[in-house]
Amino acid sequence: MTGEFVSRVATGIPGLDTILEGGFLTGGVYIVEGPPGVGKTTLGSHFCFNHARGGGRAVYITLLAESHTRLLWHLRRMSFFDASAVPDRVSFISAFKVLESEGLGSLLKLVRQTISAQKASVVILDGLIAAEEASPSAKDFKKFIHELQVVTSMVGCTALLLNSTERPRGFRPERTMVDGIVELDDEVKRLRAVRYITVKKMRGASQVRGKHYMEISDEGVRVLPRIETVGVHPGVDRSLTPGPGRTPFGIEGLDAMTQGGVPEGSITALVGPSGSGKTIMGLHFLRAGIARNEPGAYFGFFERPAAIIEKSKRLGLALATAREGELVEIHWNRPVEGVIDELADRLIRVAKHHHLKRLFIDGLQGFQAAADTPDRLREVMSCLVDELENLGVTSVYSSETPDLFGENLQLSMLGMSALTHNILLLNHTERVQRTRRTVTVLKLRDSGHDLSIREFAITTKGIVVDPEVPNTSSEAVIARRISKENPKRSIAKQQPRALEKKVPTRPGKASKKRKQRA
């Protein structure tokens with residue numbers, strides 16, 4: 001009935017209750033299926049021990065599955081495993097012999113008696129396929145599922161039926177009878193094995209549909225809901241930043257160009273080729289927050305924490321002391337074997353836990369490499385930007401351009417510029433047979449800014465921006481681009497007199513040649 005309270009049993013498994021809208025229904029029957037090795041047994045065991053830790057009782061009944069001795073041996077390395085809970089709060093029972101010798105009726109009787117004797121509120125039946133194969137007919141198997149539902153509903157015990165999908169089968173009537181179906185899968189993407197979980201059916205709940213990443217480690221099962229499905233949704237009426245305040249970089253010339261810094265709560269892109277100073281400018285941004293007592297974090301992929309600390313020391317930015325004082329967090333992520341939802345979840349947890357005011361993401365390419373499909377990258381980043389804005393974090397990220405001399409000026413991800421409030425272009429230019437670094441404020445949302453191109457140097461005191469506008473400008477870069485696209489136009493512009501000059505001829509000889517042609 002509408003408005004009636006529906007009791008749920010939380011699994012306690014990170015992320016799983018999120019996509020189940022709180023957990024499984026009390027007294028419900030659910031199928032958890034997938035091929036061998038995807039984690040069905042681990043998920044069921046994790047649920048049992050979490051339930052026992054919360055004060056409940058659970059029963060794990062095996063049919064055609066590994067022995068209890070071997071199962072418990074494998075579970076001992078899991079952090080959720082509690083030997084003291086066995087057998088009083090979590091009991092393991094083998095029912096295969098009963099099924100084999102006496103059939104489904106006796107199996108149902110055993111389940112009912114065990115639930116009653118143990119006063120269990122959660123029961124796991126591992127090996128549903130064995131029960132189906134032992135059934136005389138499809139009708140008898142449907143009857144078994146129906147009677148199991150009656151039992152669990154009467155005593156308020158939630159049941160998970162673990163089923164293998166190793167062999168392809170046609171229509172399975174039990175799928176229409178249960179309260180929910182959860183599918184586990186294991187796929188190989190670019191030589192990388194990835195586990196997925198999908199809630200195919202969930203009565204009485206608005207589950208988060210689609211595939212979600214699932215991990216199994218010594219901590220047990222962890223589900224990573226797709227961040228774009230659980231983050232801040234568009235259309236929510238809320239007051240978002242950028243705010244009226246300013247967040248300086250701590251670089252005098254650059255702060256002057258931006259009229260005091262980037263808008264508070266905004267997201268800024270540092271775009272430029274390799275070696276243009278993006279990382280150092282990001283470290284400046286974090287260092288400036290220390291003087292204002294603003295917690296910050298470095299979130300990178302390519303340089304380890306020790307290298308970042310040493311670099312900041314050489315530049316006089318002193319992040320080591322701030323790190324010890326817990327004002328700056330440094331998080332390094334391996335650029336391989338990553339999952340984009342894991343990166344986004346980790347970043348949001350860091351921002352929430354440390355109440356960040358400043359964030360520097362060193363290398364947008366790290367997220368790009370972790371994306372399972374190119375289309376998802378923009379969706380994930382869009383939700384991530386919304387979350388950071390909602391938390392009041394002023395963010396800066398670096399994005400490398402393809403060309404060393406910045407002739408191909410574009411963000412590494414299509415559509416990212418629309419999600420970015422401010423864009424600073426760092427570039428290499430040629431001047432008097434020397435390479436110089438320049439910085440330009442290309443975009444500063446809803447704010448005036450200096451449009452000039454200024455040179456800067458990297459010194460032992462960090463970045464120093466030249467307050468004077470150099471004589472050269474972006475015309476040199478534009479000229480090089482024109483030269484590559486249309487060489488003839490470039491030559492005409494550079495040598496107009498040589499092209500316009502005509503070779504003089506004698507009138508007599510010219511008229512004589514015309515007569516000969518006539």
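Visitor: Which strands does helix H11 (residues 278–291) lie across?

Guide: Helix H11 lies across E14, strand E15 (296–300), E16, strand E17 (358–362), E18, strand E19 (422–431), strand E21 (454–459) and E22, and runs at about 165° to E17. Helices (H or I, at least four residues) and strands (E, at least two) are DSSP runs, numbered from the N terminus. Contact means heavy atoms within 4.5 Å. Axes are lines fitted to C-alpha atoms, for helices over the stretch in contact, and angles run from 0 to 180 degrees between N-to-C directions.
This is a predicted model, in which local features need pLDDT of at least 70 and side-chain atom pairs count only at pLDDT 80 or more, while totals for chains, interfaces and linings use all residues. Residues are numbered from 1 along each chain as its sequence is written, and side-chain values use heavy atoms, with hydrogens and water left out.

Visitor: In what order do the nine strands around E14 form a sheet?

Guide: Strands of a sheet pair through backbone hydrogen bonds, either parallel or antiparallel. Two strands count as paired if DSSP finds at least two bridges between them. Here the order is E16-E15-E17-E18-E14-E19-E20-E21-E22, in an open sheet with mixed pairing. Strand E16 (328–332) and strand E22 (462–465) stand at the edges with a single partner strand each, so one side of each has no neighbour in the sheet. The twist from one strand to the next averages 25°. Strand E14 (residues 267–272) runs parallel to strand E18 (residues 394–400), and six bridges join them. Val271, for instance, has Ser399 in E18 as its bridge partner.

Visitor: What is the order of the open sheet that contains E3?

Guide: That sheet has nine strands, ordered E5-E4-E6-E7-E3-E8-E9-E10-E11, and its pairing is mixed. Ignoring direction, neighbouring strands are turned by 25° against each other on average. Six bridges pair strand E3 (residues 29–34) with strand E7 (residues 158–164) in the parallel sense; Val32 has Leu162 in E7 as its bridge partner. Helix H14 (residues 340–353) lies across strand E10 (211–217) and E11, at about 90° to E11.

Visitor: Why is strand E9 said to be largely enclosed?

Guide: Buried means under 20% relative accessible area, exposed means over 50%, and partly exposed lies in between (1.4 Å probe, protein chains only). In strand E9 (residues 192–202), eight of the 11 residues are buried, so the rest of the structure largely encloses this strand. E9 pairs with strand E8 (residues 180–189) in the antiparallel sense over 10 bridges. These two strands form a hairpin with two residues between them, and Arg190 in the turn has a positive phi of about 50°. On E9's pairing with E10, four bridges join the two strands, which run antiparallel; Tyr196 has Tyr213 in E10 as its bridge partner.

Visitor: Which residues have the most contacts inside the largest nonpolar core?

Guide: In soluble globular proteins, nonpolar side chains tend to be buried together. A nonpolar core is a set of buried Ala, Val, Leu, Ile, Met, Phe, Trp, Tyr and Cys residues joined through side-chain atoms within 4.5 Å. The largest one has 40 residues, and Leu160 and Ile197 have the most contacts inside it. Helix H2 (residues 40–53) gives the most to this core, five residues. Another core, of 33 residues, lies apart from it and includes Ile348, Cys383, Leu419 and Ile423.

Visitor: At roughly what angle do the axes of H5 and helix H7 cross?

Guide: The axes of H5 and helix H7 (residues 138–155) cross at roughly 10° and come within 10 Å. The two helices are therefore roughly parallel, since angles under 35 degrees count as roughly parallel, over 145 as roughly antiparallel, 65 to 115 as roughly perpendicular and the rest as oblique.

Visitor: Is Lys119 buried or exposed?

Guide: Lys119 is exposed, with a relative accessible area of 68%. Most residues other than glycine have a negative phi, and most peptide bonds are trans. Lys119 has a positive phi, near 50°, and its place is in the loop between helix H5 (104–118) and strand E6 (122–126). Glu21 also has a positive phi, near 60°, and is partly exposed at 41% relative accessible area. As for the peptide bonds, a cis one joins Val86 and Pro87, with omega about 5°. Pro87 is in the loop between helix H3 (68–75) and E5.
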